[in-house]
Amino acid sequence: ATWQQSLARSHLTAFGSGVTFGADPEVFVQTPNGVLPAWEFLPKKADRYPPQAFWDGFQAEFTIPPSGCLAFVVDHIRAGLQTVLQKAQSVQAEATLVGTPVVEIAPQALVEASEEHVALGCDRSFSAYPNTPVLAPGEARSIPLRTAGFHVHMGLGKMEPTEAVRIVHGIDALAGVMSVSLLAGLDDARRRIFYGRAGEYRLPEHGLEYRTLSSAGLVHPIITHTLLELVRIGVGLGLAGLTVIDVGQPYIQEIIDTCDVAAARQLLANYEKPLRALLKAQLGNPLLPPRMWALVTQGARELLPTDDMAKNWRLDHSWLIHSSSPDCSLGTWSNAPT
């Protein structure tokens, strides 16, 4: 097939197919004294629950309603972040949200925490790559680090593992590689010692959970929106059985697992023409492809404020529904390159 035919095929499978997206983001709360353990201000996760915020060890986690519209997904993530911050500030007025994906925990805090609170507690994940087991982190109290992820869920229905693997390969080769360049200086490869490695996924009842992205993707709504768009395009590529970046899976794994920014950017430069054609074909608003490309290749820290997460998400200001407030989505980014 020609590129145009292939891209059109990908477009049809990524959009208009009833696929919904959701997330269960994790985030740390900091105070002048260090990390504020989430169990001090949030309830325990319920077995069955509507969207809510809860503690998952030291980090806060929340769920959101699924939606076929990514602008609404961003809206829901903002509401979850606001809930976490308000709950934290109710017990510690100086609490702030941080998108830092890895934090160091004081030894005394690990000693004093209950077994329930210190446990890592993750259910089993799978790897989309052969002979690549998801690592077991070891005894929880001996690990001085805790990590946070931005797990994206897709409502694809019950899936066979072979189909899930094909889709995860599509997401890795696009969103996974691009996220390394996009989050330069924000992400932390230490997280992938434990989990969030290339190709990591689960198969919940509703479809597929992609577990590779970190909480660094939550520091600004434009970054979050960009990553969700890239995941959605990756789903379309996987469903259509298409490959844009064709360098072999081990190389893609290495770039993602080591957060190798230089290698990621070189790869994007090598495949610039087809990748930009893909973005143009997938994104209806003509402003979005050049804005996304600039953000991905130059990095978020070069183009966006990344130090004040609450300010970036307008958590103490008004927020127009559908991510329509200024600088809250790729479409409303007022200073974006075009």
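Guide: Look at the side chain of Q59: one of its polar atoms sits 2.8 Å from the backbone oxygen of T147. That falls under the heading of a polar contact, meaning a pair of N or O atoms within 3.5 Å; within protein, one must be able to donate a hydrogen and the other to accept it, and residues adjacent in sequence count only if both atoms are side-chain atoms. A word on the model itself: it is predicted, so local features need pLDDT of at least 70 and side-chain atom pairs need pLDDT 80 or more, while totals for chains, interfaces and linings take in all residues. Numbering runs from 1 along each chain as its sequence is written, and side-chain values use heavy atoms, with hydrogens and water left out.

Back to Q59, which belongs to strand β5, residues 59–62. Strands here are DSSP runs of E with at least two residues, helices are runs of H or I with at least four, and both are numbered from the N terminus. Q59 has a relative accessible area of 7%, so it is buried; the cut-offs are under 20% for buried, over 50% for exposed and partly exposed in between, with a 1.4 Å probe and protein chains only. Who's around it? Setting aside neighbours within four places in sequence, Q59 contacts E26, V27, F28, A38, F54, R146 and T147, where contact means heavy atoms within 4.5 Å.

Leave out residues up to four places away in sequence, and H117 touches W39, W55, G57 and F58.

Next, the helices. Two packed helices are described by the angle between their axes and the distance between the axes. The axes are lines fitted to C-alpha atoms, for helices over the stretch in contact, and the angles run from 0 to 180 degrees between N-to-C directions. Take α2 (residues 70–89) and α7 (residues 221–240): their axes are 10 Å apart, at an angle of about 135°. That makes α2 and α7 oblique to each other, since angles under 35 degrees count as roughly parallel, over 145 as roughly antiparallel, 65 to 115 as roughly perpendicular and the rest as oblique. On the α2 side, L70, V73, V74 and I77 do the touching, and they meet P221, T224, H225, L228, E229 and R232 of α7. An α-helix has 3.6 residues a turn, so residues three or four places apart point the same way.

Helix α7 has another partner in α11: these two axes come within 11 Å and cross at roughly 105°, so α7 and α11 are roughly perpendicular. Here I222, T226, E229 and L230 from α7 meet L288, M292, L295 and V296 from α11. Helix α11 is largely enclosed by the rest of the structure, because eight of its 11 residues are buried. Those are L288, P289, R291, M292, W293, A294, L295 and V296, and they pack against α5 (161–182), α7, α9, α10 (272–282) and α12 (300–303). G299 follows α11 and has a positive phi, near 100°.

Zoom in on L288 itself, in helix α11 (residues 288–298). L288 has a relative accessible area of 9% and counts as buried. Apart from neighbours within four places in sequence, L288 contacts E229, L283, L330 and G331. S325 is 37 residues away from L288 along the chain, and their C-alpha atoms are 16 Å apart.

C259, in the loop between α8 (249–258) and α9 (261–270), has a positive phi of about 50° although it isn't a glycine; at 18% relative accessibility, C259 is buried. S323, in the segment after α13 (309–312), also isn't a glycine and has a positive phi, near 50°. S323 is buried at 1% relative accessibility.

Last stop, the cysteines. A disulfide is a pair of cysteine sulfur atoms within 2.5 Å, and the count by that rule is zero. C328, for instance, is buried at 0% relative accessibility, and the closest cysteine sulfur to its own is that of C69, 14 Å away and too far for a bond.
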